[in-house]
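Hi,

Here is the structure I promised to pass on to you.

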Amino acid sequence: RVKSLAMNPYGTGCVLGLEEGRGVCKFWNDSLEDTNASFIFKCHRNRPDVYSVTATDFHPTETGAFLTGGTDGALVIWNLLSKNRIQILREKQEPITRAYFHPGGELLAFSTGQCWNAGYGTQKIPKIY
């Protein structure tokens, strides 16, 4: 199931965050000749645990950079062109519920809170950073 969605700044594709610790990069200009344009990648996993990807956003000025946030509490920056992780920005115990880049790209806002992944009775106070 899809937990998050972000359109790229050019309107030519999107990144989806899925419940089972995967991300999907999908582009509208797919053709039979260009099978690498869209791809699925694994993220927010710590064997044997798999976490939902609850936040996705593209950087507005850095071409090919996007982020994922998960119920594992990690915020990760990815390079779309090389299909690699660039940097882990945060690793905490609280699940990431949303994350967005400022339109100028110089700031990042994110929130933590209950995603109900651990069930009832484990509630934490939501926070905005």
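Predicted model: local features only at pLDDT ≥ 70, side-chain atom pairs only at ≥ 80, totals over all residues.

Residues are numbered from 1 along each chain as its sequence is written, and side-chain values use heavy atoms, with hydrogens and water left out.

Let's begin with Thr-56, which sits in strand β7, residues 53-58 (strands are DSSP runs of E, at least two residues, numbered from the N terminus). Is Thr-56 buried or exposed? Thr-56 counts as buried because its relative accessibility is 4%; buried means under 20% relative accessible area, with a 1.4 Å probe and protein chains only. The side chain of Thr-56 reaches the backbone nitrogen of Leu-5 at 3.4 Å. Leaving aside neighbours within four places in sequence, the residues in contact with Thr-56 include Val-15, Leu-67 and Ala-99 (contact means heavy atoms within 4.5 Å).

Now for the cores. A nonpolar core is a set of buried Ala, Val, Leu, Ile, Met, Phe, Trp, Tyr and Cys residues joined through side-chain atoms within 4.5 Å. The largest one has 14 residues, and among those touching the most other members are Val-15, Phe-41 and Trp-78. Strands β3, β4, β7 and β9 each supply at least two residues of this core, and β9 gives the most, with 3. A second, separate core of 8 residues includes Leu-67, Leu-75, Ile-96 and Ala-99.

Happy exploring!

Terms used. Helix = DSSP H or I, 4+ residues; strand = E, 2+ residues; numbered from the N terminus. Buried < 20%, exposed > 50% of the residue type's maximum accessible area, 1.4 Å probe, protein only. Polar contact = N/O pair within 3.5 Å; in protein donor to acceptor, adjacent residues only side chain to side chain.
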